[in-house]
Each structure stands twice: as structure tokens, then as C-alpha cells.
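Dear colleague,

I am handing over the structure below, and my notes on what was found in it follow directly after it. Please read them with the model open beside you.

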Amino acid sequence: MANSDVRLALWSGTNFSVRRILFRRGGVAVRDLGAFRFNNVLSSFRLRNVVQSSEVTLVLFSRINFQGSFRVYRGSQSVANLGNSNFNNVTSSFVLVGRNLTNAEISQIQNTSRPPQDVLIIRQ
């Protein structure tokens, strides 16, 4: 299963520093990062699929329940400073899957406040 190959590390500081939270599988949607005391503090992250590096999507949302403005990251990558995309200390919810979500799927997530099927939902 592709989701078991996904890794995500979130940091509260730029350049992968300060407080870190790890997710060792995909298929996860966090409705409110306040559940981890991480609301509006995300500054950098590392995203990867250890088997197929291109098959992973992370969608960051500025509001809880997958609402507000958003940023989409497809494929394995490291982002040292979310300030470069004007999204530093803005993230309140996210969706992480071990495949490439389409723009239509992301719009549906935002319109319905529901992640794709077979995704573990973490609430506060």
C-alpha cells in the first residue's frame, strides 16, 4: 500500500529546527493542528515517499477543517522555509496521501470538508 511508504516531518522553526512532529505513513488528514499544539506554527517540513518519490501529496490549509487558503506539494521534497510561499506560521489543517491528488480532488476536499476515502482523520 502506497500510504505505508509516506513520511512527513513538520517543524515549528525554519530550516528544520525547533519542535518536530513525525508522521510515518500517509493517508492522514488532520482537521485541527491544535490537537498537537501545532496550530499556526508550521515553518518547514520534509515530505517523501520512500518507494515512489513522485507519489505523495501534502495539502496545507490556513484554517481548520481543510478550509481557507492552501498550498499543494506533490512529490518528495524538503521545504526549509514556508515564508518563501507566504505560508509560514499559517497552517491549521492538512491532508497527506501516498499518491498525487488532482486539483479537482483538492477542491472537493475544501468544498465538503472531507478528505479522500480511506484516510485516517485526526480531530481535536
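Leaving aside its neighbours within four places in sequence, F94 is in contact (heavy atoms within 4.5 Å) with L8, L10, F23, V28, A29, V30, L33, L58, V59, L60, F61 and F66. This is a predicted model, in which local features need pLDDT of at least 70 and side-chain atom pairs count only at pLDDT 80 or more, while totals for chains, interfaces and linings use all residues. Residues are numbered from 1 along each chain as its sequence is written, and side-chain values use heavy atoms, with hydrogens and water left out.

Strand 8 covers residues 93-97, where strands are DSSP runs of E with at least two residues, numbered from the N terminus. Five of its five residues are buried, buried meaning under 20% relative accessible area with a 1.4 Å probe and protein chains only, exposed over 50%, and partly exposed in between. On one side of strand 8 lie S93, V95 and V97, and on the other F94 and L96.

Strand 8 pairs in the antiparallel sense with strand 3 (residues 28-30) over three bridges, pairing requiring that DSSP finds at least two bridges between two strands. Within that strand, L96 is the bridge partner of V28. Strand 5 (residues 57-63) also pairs with strand 8 in the antiparallel sense, over five bridges, and F61 stands opposite S93.

By contrast, V51 is placed in the loop between strand 4 (44-49) and strand 5, and V51 counts as exposed because its relative accessibility is 59%.

Best regards

Definitions and conventions:
Helix = DSSP H or I, 4+ residues; strand = E, 2+ residues; numbered from the N terminus.
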